[in-house]
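Let's walk through this one together, question by question. Have a look at the sequence and the fold first, then read on.

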Amino acid sequence: MSAPPVEAKPALAALARQALAQDESAARTLVAELYPLVMKIVRAHRPRRLDEEDLAQMVFGRIFAHLEQYSGGVPLEHWVSRIAVNTCLNALRAEQRRPEVRHADLTEEEEAVVEKLAASRPADDPAERVAARDLAQRLLERLSPADRLLLTLLDLEGCSVDEVRQRTGWNQSLIKVRAFRARRKLRGQLHELLEGGKR
Amino acid sequence: MKPDLWDQLTRVARQAPAEPNPEMPLGFDTRVLATMPQAVADEDSLDLLRLLRRALACAAVLMLISLTVRFAVGTPGPANELAYIEQAVQLAWTP
């Protein structure tokens, strides 16, 4: 599954120019138009300790602080996405704590998902799908910020390597090597979780 | 072949219902605009900090290079050392 392409809105670039010219109403409209996009990225990549609204505000702060550097060469949404991703990455780097995920800490639904996966049975229940997403996010939190961001984009959001390259600015080989190593770590953790359940 | 649990987990996770599009809370745009000058100032000071950090790193590298060069040039090699000794002996014996 690939993430839906961001629809380019030509009016956004015009709004950005007006906002740069101190047009307050244009700046407000710009914030309102970009809010869903920024919030989607913030929700997917924010550290636990940070409130999503606070992080979104930080992202908008950076957007406006650098708005004069926007050349118009790419759609504004792409430019904003990159700023949002980098702001989240910096926030993740500031978070030192990487909580361990133990079998005893799993919720009932998460436990059911792990057991079904181990038995190669499908997890069809919507609650189990949500639990699978939560568990995947908790496991991702154990990784380094960059690895976490990368696998969230690739494996949870279903972005292609090229889309990740556009959003992060990393080169393709770095993305592939990093993803390979991070997945290997996560497989090990999942295996440990299963072993913990058998004891 | 062992099943790839991570791959299976993320395949199930991607089928989870998407969260509804978030609505902008009332006053969020006002808060963003109110903190804008502060955000710009913060970014400026961050840029300055990054510049200072780079300048410090460059200065440290230059200092190391200059110390290395100075040490290499200033330390007499074995040939120089012999010449010094010879000169000293000659001076001592010269009336």
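A salt bridge here is a side-chain nitrogen of Lys or Arg within 4 Å of a carboxyl oxygen of Asp or Glu. Keep in mind that the model is predicted.

Q: What is the N to O distance in the salt bridge between A:Glu52 and A:Arg43?
A: The cut-off for a salt bridge is 4 Å between the side-chain nitrogen and the carboxyl oxygen. The side chains of A:Glu52 and A:Arg43 do meet in such a bridge. Their N to O distance is 3.3 Å.

Q: How many salt bridges does a search of the whole structure find?
A: This search runs over all chains. The bridge between A:Glu52 and A:Arg43 sits in chain A, while A:Glu24, A:Arg28 and B:Asp29 are linked in a network of salt bridges. The count for the whole structure is 15.

Q: Which helices of chain A hold A:Arg138 and A:Glu110?
A: A:Arg138 and A:Glu110 form a salt bridge, with the closest N and O atoms 2.7 Å apart. The pair links distant parts of the chain, 28 residues apart. A:Arg138 is in helix 6 (residues 126-140) and A:Glu110 is in helix 5.

Q: Is A:Glu110 buried or exposed?
A: The cut-off for buried is under 20% relative accessible area. A:Arg138 passes with 18%. A:Glu110 comes in at 3% relative accessibility, so A:Glu110 is buried.

Q: Where in chain A is A:Glu157, which forms a salt bridge with A:Arg167?
A: The closest N and O atoms of A:Glu157 and A:Arg167 are 3.4 Å apart. The two residues are ten residues apart, and A:Arg167 is in helix 8. A:Glu157 is in the loop between helix 7 (145-156) and helix 8 (161-168).

Q: What relative accessibility does A:Arg167 have?
A: Anything under 20% counts as buried. A:Glu157 gets that label with 18%. A:Arg167 counts as buried too, at 15%.

Q: Which residues is A:Glu111 in contact with, leaving aside its neighbours within four places in sequence?
A: A:Glu111 is found in helix 5 of chain A and counts as partly exposed at 28% relative accessibility. Its C-alpha atom is separated by 9.6 Å from that of A:Leu193, 82 residues apart along the chain. Contact means heavy atoms within 4.5 Å. The contacts of A:Glu111 are A:His103 and A:Leu106.

Q: How far apart in space are A:Arg17 and A:Tyr70, C-alpha to C-alpha?
A: A:Arg17 is in helix 1 (residues 10-20) of chain A and counts as exposed, with 58% relative accessibility. In sequence, A:Arg17 and A:Tyr70 are 53 residues apart. In space, C-alpha to C-alpha, they are 9.3 Å apart.

Q: How much of chain A counts as buried?
A: Chain A has nine helices and zero strands. Among its contacts between residues at least 6 apart in sequence, 65% join residues at least 24 apart. Of its 199 residues, the share that counts as buried is 48%.

Q: How much of the accessible surface of chain B belongs to carbon and sulfur atoms?
A: Chain B has four helices and zero strands, and 16% of its 95 residues count as buried. Its accessible surface comes to about 7700 Å². The part that belongs to carbon and sulfur atoms is 68%.

Q: Which residues form a nonpolar patch on the surface of the model?
A: The patch has about 490 Å² of accessible area together. One member, B:Val61, lies in helix 3 (residues 36-74) of chain B and counts as partly exposed at 46% relative accessibility. The residues are B:Val61, B:Leu62, B:Ile65, B:Val69 and B:Val73.

Conventions:
Residues numbered from 1 in each chain as written. Chains lettered and ligands numbered in written order. Predicted model: local features only at pLDDT ≥ 70, side-chain atom pairs only at ≥ 80, totals over all residues. Heavy atoms only, no water. Buried < 20%, exposed > 50% of the residue type's maximum accessible area, 1.4 Å probe, protein only. Areas by Shrake-Rupley, 256 points an atom, 1.4 Å probe, with all protein chains shown as cover. Patch = residues over 30% accessible without salt bridge, like charges linked within 9 Å, V, L, I, M, F, W, Y side chains within 5 Å.
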